[in-house]
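Here's a model to look over together, one question at a time. Take a look first, then we'll dig in.

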Amino acid sequence: MAKDIQGVGLGIASRFAGSEFARKFGLRKPAEKLAYAGTKKGFEVIGQMVAKKAAKKGDAQILLPEPSKHGLFDLTLSEEQQMIKDTVRSYAEEVVRGLAHDANEAMTLPDTFLQDIMDLGLNFFSVPESLGGAAQAYSPTTSAIIAEELAWGDFSLAYATLAPVAVANAIVKWGTDAQKEKYLPAYLAETPVQAAIAVQEPAALFNPAKLSTKAKKTKTGFEISGVKTLVPFGGNANMYLVAARYKRKNRLFLVPGDAPGLSWKAAPAMGLRAVATGTLTMEKAPLSSDALLGGKDFDYQTFIDLGQLHWCALAIGACQAALDHLIPYVNEREAFGEPISHRQSVAFMVANIGIELESMRLMVWRAAALAEMGKPFHREAYLAQLLCADKAMEIGTNAVQLLGGHGFTKEHPAERWYRDLRILACINGGMHL
Amino acid sequence: MINLENPKKFRALVNQARQVAENVFRPISRKYDRSEHAYPVELDMLAAIMDGMNDGTTGEGAGAGKLKQDNKAKKEGVQNGTNMSTVLSLAELCWGDVGLSLTLPRQGLGNAAIAAVADDEQFARFGNKWAAMAITEPGFGSDSAAVRTTAVRDGDEYVINGEKIYVTSGERADCVVVWASVDRSLGRAAIKSFIVEKGTPGMDIVRLEKKLGIKASDTAAITFTDCRIPASNLLGDPEVNVEKGFAGVMQTFDNTRPVVAAMAVGVAKASIDRTREILRKLKVKADYSTPFKLTSQLEAQLYRYEAEWEAARLLTLKAAWMADNGMPNSMEASMAKAKAGRTANAITLGCVEMLGTLGYGEEEMLEKWARDSKILDIFEGTQQIQQLIVARRLLGKSSAELK
């Protein structure tokens, strides 16, 4: 069943290029680039294999790839990352941004949004090659880049797109082989998966390490009870990945959206309105025997950290969008006979947005890169989350401020960024790089 | 490939700098803070070691002396070079003492200017000398284009007249790189830099400043009265190019601002480390185990300082990385300097506040670090100048539009 990488790449790209909005928004070129990348990657892999074989025969030392670049400080995206970034940004710019206002007002995803975005192929990049996907390796930095670029279009719609991907990422990272084989192929099907991670509970001073949601073992599997808040998809999710206390440990359970004992209540919030947030109540919901994600190597803190970093990456995208929106505004808006950007009080606010935005990005990239290398990154994630929560809100509030009264109205997206960015300091879970 | 860890190849160098900071600077730090203007004789020995460090690492040294925007021969692949090694090791040295780091022989900012723009002949003559930098005058600080000091060509010589203040190591250095105008009617384009050797008739050290901090570093006021220097001491292009303007002399800043940012990173880390050490004995662990919102106020403050410090550090590394790879980095250099300068000042002052009279007293070094850090948000361009530069770049504005 496993296609080779070139096949997968071509499959995604041609499906994308043939889609209605690719035609409408002129996105075929990026898609072609992506196909090229898939092909090129294939050749590279073959090249490496040939080199390895040759190395075994002759003088191994000489033929091995030169390792001198290893361990250098580097901010260069790989060719593949750059192409994914460009493609996702075009989509965010041409499609997502235009849908954001109405989706927020209607408090629901646009009709074909999830179906359309399937064609971007992001799902493929969360499923390993061995299972028919396009992911060569688990890559938190690539996930962070995707989140940033999508959230540049809209924070909520990016969350809607990536919440199911986050579940897939968690399954890839923590799941048993059997769980991967059971759950991941759904991501390669024609119909979009609606899935979300649920950790947050409705208590002030909530500590994700002290869960009220409890799971216990039964004859047929498990049983789970508890309440989770700010869960997306309006009660229509196919699956939830729920954090619960089990045998004195914090674990994750795969809970089908139609499990008995589940009830849903809409609970709109300040932001994230397009994803139709609500409260999920589980009362003695029976789960199958393979519902417990992963085994002994599961590390709850790492799971939480990867989630917070994913939110941070979304925030970077929204903050970049705010900066990109503000620059032409303050240059064009005139007061006292000149553009307001000629005033230092305005210009310095813009400068600080630029400085802190870059701070956020470097902090998140650092933690994500450590995670990618399999090194400890808890401290870095902790500090990145703290910095991003502070600075994202500072940027959100200054974006509204710089637009003045206009920023306070819905004629500009700044008020939406303001509401969405507040989530950074409020949420645990929901995402996973 | 994205990797924001310190490059492995500089581990030995960084460790050396740390050893110097800990074993040479720290023991004499308070001594030279108390006896301002006394020459730290211990540094002559150290300078010899530093030369060894620099020469032993194929051009990637610890001081500012070898900084260069590496845009001549484009090498293959990603580079971690002189700019990176310099910011990493200066951060370590300043963890020991900022003032002493500034007065390291042959590692002055003048050396950075010479390294950046000197031709081969000039580099042969001055490359091994200790060079200070003289820009500021009594009438201006940040507004570098307002230079009143003049350099008039007379045969094979330039005749320099004017007064310079706040010249770091102005008395101790072997020579001074002086900014002067060759024609004041032509504005900033006519500003050139000149190397004046110590002892040149007409150059007089008139005063050493008494300061808030970095007392180990001497800060001189120098007058130039009909001071004659060889015409070949002009750095860079002698032609006045109104189109190109100021770019030549300003280019040095792209390399030196990340270095000053690194100094700020170093002194801020000193404060964080010592404060953590003291608080640990009082059972304040701050080990990232409790969600941020549920921590004590004290721990939360420590975490915030650490997060801001990491951000400043990473911005500094980015600016240096760009310079090493020949990318234009004016905006990033200013971002790093703005963030690191204000962050270091806030952290060092905040650590004093946290520890109360213990932090305020001279028994601890924290009060000194809080005094030393202030200059790092001022020299090589104040906080406000850095913000102006960043704003102009982001907004696409000229200095005439965004004043």
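Q: How does B:Leu43 count, buried or exposed?
A: Burial is a matter of counting C-beta atoms placed from the backbone: a residue with 20 or more others within 10 Å of its own is buried, one with 12 or fewer is exposed, and in between it's partly exposed. B:Leu43 has 22 C-beta neighbours inside 10 Å. So B:Leu43 counts as buried.

Q: At what pLDDT do side-chain atom pairs count in this predicted model?
A: Housekeeping first: residues are numbered from 1 along each chain as its sequence is written, while chains are lettered from A and ligands numbered from 1 in the order they're written.

Q: Which helix of chain B holds B:Leu43, and which residues is B:Leu43 in contact with beyond four places in sequence?
A: Helices here are DSSP runs of H or I with at least four residues, strands are runs of E with at least two, and both are numbered from the N terminus; B:Leu43 is found in α2 (residues 42-55) of chain B. Two residues are in contact if their C-beta atoms, placed from the backbone, lie within 7 Å. Leaving aside neighbours within four places in sequence, the partners of B:Leu43 are B:Leu100, B:Thr103, B:Leu104 and B:Pro105.

Q: How far apart in space are B:Gly108 and B:Arg371, C-alpha to C-alpha?
A: B:Gly108 sits in the loop between α4 (98-102) and α5 (109-117) of chain B. With 31 other C-beta atoms within 10 Å, B:Gly108 is buried. In sequence, B:Gly108 and B:Arg371 are 263 residues apart, while in space the two are separated by 21 Å.

Q: What is the radius of gyration of chain B?
A: The secondary structure of chain B comes to 12 helices and 8 strands. The radius is taken over C-alpha atoms, and the globule rule is 2.2 Å times the number of residues to the power 0.38. For 403 residues that rule gives 22 Å, and chain B comes close to it, so chain B is as compact as a globular protein of that length, with a radius of gyration of 21 Å.

Q: What share of the residues in chain B is buried?
A: The C-alpha atoms of chain B fill a box of roughly 70 × 45 × 45 Å along the principal axes. Of the contacts in chain B with a separation of 6 or more, 75% are between residues 24 or more positions apart. Out of 403 residues in chain B, the buried share is 53%.

Q: Which helix gives the largest share of the side of chain A that touches chain B?
A: Across the interface, 36 residues of chain A are in contact with 38 residues of chain B. On the chain A side, α10 (300-332), α11 (344-372) and α12 (378-403) each supply at least two residues. The largest share, 13 residues, comes from α11(A).

Q: Which residues have the most contacts inside the largest nonpolar core?
A: A nonpolar core is a set of buried Ala, Val, Leu, Ile, Met, Phe, Trp, Tyr and Cys residues joined through C-beta atoms within 7 Å. The largest one has 216 residues, and α11(A) gives the largest share, 18 residues. Those with the most contacts inside this core are A:Phe253, A:Ala315 and A:Val364.

Q: How many residues does domain 2 of chain A bring to its contact with domain 1?
A: Chain A is divided into domain 1 (5-65 + 77-193), domain 2 (196-288) and domain 3 (300-425), with bounds from an automatic or database domain assignment. The contact takes 15 residues from domain 1. From domain 2 the number is 15 residues.

How values were computed: Predicted model: local features only at pLDDT ≥ 70, side-chain atom pairs only at ≥ 80, totals over all residues.
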